[in-house]
Amino acid sequence: MAASATFMSSAPTTGSCSSGSRSTAQRGQCACNPHVLERELLQQDADDELEMKVEKYSRGKGADLKALRDKKLKGQLAVKEKLYGQSAKAAAKAEKWLMPSEEGFLEPDNLEKTYRFPQESIVKEVDILSSRKPFDMILPVLGPYTIEYTSNGRYMLVGGRKGHLAMMDMLNMDLIKEFQVRETVHDVAFLHNEQMYAVAQKKYPYIYNQHGVEIHCLKEHGKALKLQFLPKHFLLASINSFGQLHYQDVSTGEMIANYRTGLGRTDVMRVNPYNAVIGLGHADGKVTMWKPTSVKPLVTMLCHHGPVTAVAFDRGGHLMATAGVDFDRGGHLMATAGVDSKIKIWDLRKYEVIKSYAAPAQSLDFSQKGLLACSNGSQVEIYRDFGGHDYRLYMKHRMMKGYQFGKVLFRPYEDILGIGHSMGLSSILVPGSGEPNFDTFIDNPMETTKQKREKEIHALLDKLPPDTIMLNPNFIATVRAPKKKEKKTKKEIEEEMEEAIEATKNTEHKKTKGRSKPSKRAKKKEEDVFRAKRPFLEQSKEVEGRPDKKQRIGEGVELPKALQRFSKKPQS
């Protein structure tokens with residue numbers, strides 16, 4: 001369900017009786033006209049709303065121009081303040097007209113609690129289209145199931161542990177393809193779009209197209225337990241049963257990296273969409289973060305006193321949740337949970353715990369608007385940030401006893417939480433979880449075939465190299481600090497000296513009366529050569545450590561025992 005939009009009728013300003021040029025009789029007539037009053041009130045509300053949005057985009061308190069005496073500086077600052085005000089107003093208007101929808105959360109009355117609202121009562125209150133989106137698909141034979149959505153939220157990929165694979169169009173609720181691979185399926189992942197997807201099967205990961213035709217078998221990955229795709233870099237990452245992390249470029253087929261984590265077998269892996277760093281949860285309670293150009297982990301954190309059971313990163317990039325991980329909106333938060341029955345939310349700027357809950361979790365996921373879903377047994381709990389990273393229980397959903405929840409995943413651009421469990425698939429409404437406004441240049445659920453083709457070409461042209469993956473992506477495009485001047489080697493100095501001598505010898509001097517004798521010319525040439533050699537000789541002495549300088553006895557020189565009594569003892 002797309003987040004509930006609030007529509008405001010934009011009232012025309014013509015006919016308003018606020019103008020000071022009107023006569024007293026006209027103003028009285030306008031005041032008695034209810035339509036004019038209504039228009040004025042609407043206009044005032046719109047202006048107030050715009051003013052609030054302008055304040056949101058403003059750059060803080062302006063400079064105090066009255067206190068300045070320098071006229072030139074005063075004029076420059078006045079122009080800048082004017083430009084800041086205009087840009088804030090333009091941004092506010094753009095938000096008003098280009099982002100008309102706002103997310104809508106559950107609002108309780110008086111002492112009501114939102115987590116007490118059942119799905120049945122929520123479905124009754126929403127529109128017809130949204131009421132059709134929750135479902136329960138009972139598939140008891142081939143489970144438990146894992147699910148994956150495309151980045152635009154339109155398509156869903158389903159994988160059953162006993163070999164059942166299916167792809168669905170969630171917009172029209174159509175089954176695109178369904179087939180049986182007759183092997184154990186550990187995980188599924190879409191690649192750059194719904195045309196191709198990867199499946200981690202019993203021995204190797206395989207790549208299929210949307211028609212279910214096998215395209216590739218990735219034997220180098222081995223027995224992969226978890227798959228993640230990095231869309232900006234076209235990299236498929238996998239962790240296998242031996243604890244080996246693989247990165248493969250799916251556009252060229254090249255194996256970019258293959259590292260041993262050294263922390264044993266794990267099936268807990270998620271990618272942080274903010275910086276494309278892979279987070280792994282391990283059996284000793286550690287969470288490690290990796291990039292393809294580093295043999296060792298970028299960060300190793302001890303998060304729990306027991307195995308980490310899940311990892312998730314916030315869609316905005318700020319939170320990393322683990323049932324042992326997850327990140328806060330902006331690349332700074334991480335939430336973890338493990339076998340020690342604790343869920344923790346971390347601030348990655350300081351690597352400190354912000355919030356901790358005494359609750360177990362088998363799977364975690366963050367929505368686009370920062371809601372955190374935690375599944376355990378046959379129950380899923382959803383936490384909401386009420387300000388200042390104060391995550392409190394927002395919704396709760398329980399299924400029939402005996403159902404074991406596997407993976408929970410929020411659907412992008414929809415107020416939907418998808419659940420894969422031991423008895424099939426389920427989908428529930430979570431108001432306020434999805435981003436209500438989508439950018440058609442980034443993710444378009446309604447895109448045509450031509451738009452898909454153009455987007456794929458642009459994605460390949462804009463593909464980022466693996467070197468750009470780092471903890472702080474804002475570091476890219478900044479100016480590198482100047483390095484200290486490296487000392488030249490002796491060989492380089494000798495080569496430069498020879499070039500300088502040759503250039504000096506080839507230099508012709510003008511003939512001068514009484515000074516052009518052959519002996520004088522030869523002497524002058526020798527002086528020029530010595531002058532050219534002198535700086536290079538000094539450089540070579542620095543490289544060799546000035547061997548011509550006598551070293552004092554007792555300074556770093558180990559003397560024979562017979563002479564040690566003559567050396568100066570260091571003063572204490």
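Predicted model: local features only at pLDDT ≥ 70, side-chain atom pairs only at ≥ 80, totals over all residues.

Me: What makes the pair Asp390 and Lys355 a salt bridge?

Reply: Their side chains meet at 3.3 Å, N to O. The cut-off is within 4 Å, so the pair qualifies. The two residues come from distant parts of the chain, 35 residues apart: Asp390 is in the loop between strand S27 (379-385) and strand S28 (391-398), and Lys355 is in strand S24 (residues 352-357). Helices (H or I, at least four residues) and strands (E, at least two) are DSSP runs, numbered from the N terminus. The protein chain has 8 helices and 31 strands.

Me: Which residues are linked with Asp390 in a network of salt bridges?

Reply: Lys355 and Arg392 are linked with Asp390 in that network. The closest N and O atoms of Asp390 and Arg392 are 3.1 Å apart.

Me: How do you know whether Asp528 is buried or exposed?

Reply: Look at the relative accessible area: buried means under 20%, exposed over 50%, and partly exposed in between (1.4 Å probe, protein chains only). Asp528 comes in at 15%, so Asp528 counts as buried. Its salt-bridge partner is Arg531, with the closest N and O atoms 2.9 Å apart. Arg531 has 54%, so Arg531 counts as exposed. Both sit in helix H8 (residues 518-544), and because they are 3 residues apart, about one helical turn separates them. Over the protein chain, 41% of the 572 residues count as buried.

Me: Why is Lys344 said to have no salt bridge?

Reply: The nearest side chain of opposite charge, Asp340, is 5.0 Å away. "Opposite" follows a simple rule: Lys and Arg count as positive and Asp and Glu as negative, while His and the chain ends are not counted. The side chain of Lys344 does reach the backbone oxygen of Cys303, at 2.9 Å.

Me: What makes a group of residues a patch, and which residues form the positive one?

Reply: Patches are made of residues with over 30% relative accessible area and no salt bridge; like charges are joined within 9 Å, and nonpolar side chains (Val, Leu, Ile, Met, Phe, Trp, Tyr) within 5 Å. The place of a charge is taken as NZ of Lys, CZ of Arg, CG of Asp or CD of Glu. Lys202, Lys203, Lys219, Lys223 and Arg265 form the positive surface patch. Lys219 is in the loop between strand S9 (214-217) and strand S10 (224-230). With 56%, Lys219 counts as exposed.

Me: Which residues form a negative patch?

Reply: Glu492, Glu494, Glu495, Glu498, Glu499 and Glu502 form a negative surface patch. One of them, Glu494, is in helix H7 (residues 490-505). Glu494 is at 38%, so Glu494 counts as partly exposed.

Me: And which residues form the nonpolar patch on the surface?

Reply: Trp97, Leu98 and Met99 form a nonpolar patch with about 380 Å² of accessible area together. Areas come from the Shrake-Rupley method with a 1.4 Å probe; for residues, only the protein chains shown count as cover. Met99 lies in the loop between helix H3 (71-98) and helix H4 (119-125). Its relative accessible area is 40%, so Met99 counts as partly exposed.

Me: What is the phi of His389, and where is His389?

Reply: Phi is near 60 degrees, a positive value in a residue other than glycine. His389 is in the loop between S27 and S28. At 22%, His389 counts as partly exposed. Tyr351 also has a positive phi, near 55 degrees, and is found in the loop between S23 and S24.

Methods. Residues numbered from 1 in each chain as written. Heavy atoms only, no water. Polar contact = N/O pair within 3.5 Å; in protein donor to acceptor, adjacent residues only side chain to side chain.
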